[in-house]
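Thanks, everyone. I'd like to walk you through one model today. Please have it open as I talk.

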Amino acid sequence: MALAHDKKLHFIAGLCIALFPSLILYFAFREAFPAAAFFAKGVWSGLVGLALALLAGIFKEIRDIKKGTPEVADFLFTALGGLIGAVPVMFF
């Protein structure tokens, strides 16, 4: 069974929304707080990126209530992309 194009886009959006801010915050915090292991490991940065992806998925589905078709699967694919984008940053 082929994955719907819409679900692929949600996955890619979640991945990008989590990955890029996570990397930016990781490198910014690593330089700003060199002694703080929590920041240096990227845990904080990864969690922020994941939270951004989750919020984007929630707000998109809320918007779809009035201007589209809200689907739980759309949110789940956005969240999965966000998780896959954020977790590698946590293990830098």
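The protein chain has 4 helices and 0 strands. Helices here are DSSP runs of H or I of at least four residues, strands are E runs of at least two, and both are numbered from the N terminus. From that end, the order of elements is α-α-α-α.

A word on the source. This is a predicted model: local features need pLDDT of at least 70, side-chain atom pairs count only at pLDDT 80 or more, and totals for chains, interfaces and linings use all residues. Residues are numbered from 1 along each chain as its sequence is written, and side-chain values use heavy atoms, with hydrogens and water left out.

Overall dimensions next. The C-alpha trace spans about 45 × 30 × 15 Å along its principal axes. The chain has 92 residues, and 27% of them count as buried. Buried means under 20% relative accessible area, exposed over 50%, and partly exposed in between, with a 1.4 Å probe and protein chains only.

Now contacts, meaning heavy atoms within 4.5 Å. Take those with a separation of 6 or more: 74% come from residues 24 or more positions apart.

On to a helix pair. Helix α1 covers residues 5–32 and helix α3 covers residues 43–67; they pack at an angle of about 150°, axes 7 Å apart. Axes are lines fitted to C-alpha atoms over the stretch in contact, and angles run from 0 to 180 degrees between N-to-C directions. Who makes the contact? On the α1 side, the residues include Gly 14, Ser 22, Leu 25 and Phe 29. On the α3 side, they include Trp 44, Ser 45, Gly 49 and Ala 53. By class, the contact has 12 nonpolar, 6 polar and 2 charged residues. Ala, Val, Leu, Ile, Met, Phe, Trp, Tyr, Cys and Pro count as nonpolar, Asp, Glu, Lys and Arg as charged, and the others, Gly among them, as polar.

Look at Ser 45, in helix α3. Is Ser 45 buried or exposed? It counts as buried, because its relative accessibility is 0%. Leaving out residues up to four places away in sequence, Ser 45 touches Ser 22, Leu 25, Tyr 26, Phe 29 and Val 89.

Val 89 takes us to helix α4, where it is one of the buried residues. Others among them are Asp 74, Thr 78, Gly 82 and Met 90. What do they pack against? Helices α1 and α3.
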